[in-house]
Amino acid sequence: MKEFPGGVLMLFEGHPDEVKVESLNDKLKDIKVTHNPKSDSVRIWFDAVKNDVGQTANEKLVFSHNKGAKKTVLTVFLYFTDTIKNVMDIEGDNDGAALPPKAEFKIASGYYIDKIDPSKWTLNVKGDSLNTIPFKARISETNPYKILVQSDFISGKSYQLTIPKETVSSFYTKNVQSKRFDFDIAKVDEFGSLEFTLSNAPATHYWIQLLDDSEKVAYQKYTTGNQVKFDIVKPSEYIVRILVDNNENKYWDEADLATETFAEEAFVFYKK
């Protein structure tokens, strides 16, 4: 285990579906635990200041976790000397480039986001602070460290999104400073579309991915059938990869040497 902003990070081997964690500390009973199925890490969140944990000296914390039928006790020593890194912040998560047409503006935080109050946010066309633009914001369904903002953005326009402090919440804290995000919407003619017809499509769901030259996923879809279309694609050269969800659990299972289980099917097409 080790310290991370907002709590401690617990790492272990394997890819469990569920992990149960308990605090064995008298002064630290109010905790929140987050774990994604199949992840090899658990985050334990708590208010170190309120519970006076590691504020003036190195402090021993003990936690137990149940990974399956096995129960393990782990110990970590914490001393929160740097308060800055334990402050919740938000930042744009859009690769610094103009936003593609019809895309959502993404905001990220190092803290798990459990509540937002977008009624206090404002969206304007850059240079027009008097007129606000309707928008919708939500916490990402697949990544609770991200916020997605949707509006009828117009290609070629520039926008400003203002998020006041204390309108984005984690379990025990809120964003401590207001932020304004300036961003542009790319023109439609800077993009194209790409359609695939699979002659021997998987019988189950699968991910079809477009990888850039560093083999990072640039676009992907989780789908079924033999027809797949990407409506907005930046012109470039891509590698196509298909990961088959053979067991339909919405997770691509890697090989498990302990159980002698093969990885789920994968196909890579390097022709560009």
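These entries record what I looked up in this predicted model about its nonpolar cores and one of its sheets.

I number residues from 1 along each chain as its sequence is written, and side-chain values use heavy atoms, with hydrogens and water left out. For this predicted model local features need pLDDT of at least 70 and side-chain atom pairs count only at pLDDT 80 or more, while totals for chains, interfaces and linings use all residues.

Entry on the cores. I looked up nonpolar cores, taken as sets of buried Ala, Val, Leu, Ile, Met, Phe, Trp, Tyr and Cys residues joined through side-chain atoms within 4.5 Å, where buried means under 20% relative accessible area with a 1.4 Å probe and protein chains only. The largest has 24 residues, and among those with the most contacts inside it are Phe-105, Val-149, Ile-163 and Phe-183. Strands E9 (105-108), E13 (146-150), E14 (158-163) and E16 (179-184) each supply at least two of its residues, strands being DSSP runs of at least two residues, numbered from the N terminus. E14 gives the most to this core, with three residues. I also noted a second, separate core of 16 residues, which includes Met-10, Ile-44, Val-53 and Leu-78.

Entry on Phe-183. Leaving aside neighbours within four places in sequence, I find Phe-183 in contact (heavy atoms within 4.5 Å) with residues including Leu-99, Phe-105, Leu-123 and Lys-157.

Entry on the sheet. Four strands form an open antiparallel sheet in the order E19-E18-E21-E22, where strands pair if DSSP finds at least two bridges between them. The edge strands, E19 (217-223) and E22 (266-269), each pair on one side only. E18 (residues 206-211) pairs with E19 over six bridges in the antiparallel sense, and Trp-207 stands opposite Tyr-222 in E19.

Key:
Buried means under 20% relative accessible area, exposed over 50%, partly exposed in between (1.4 Å probe, protein chains only).
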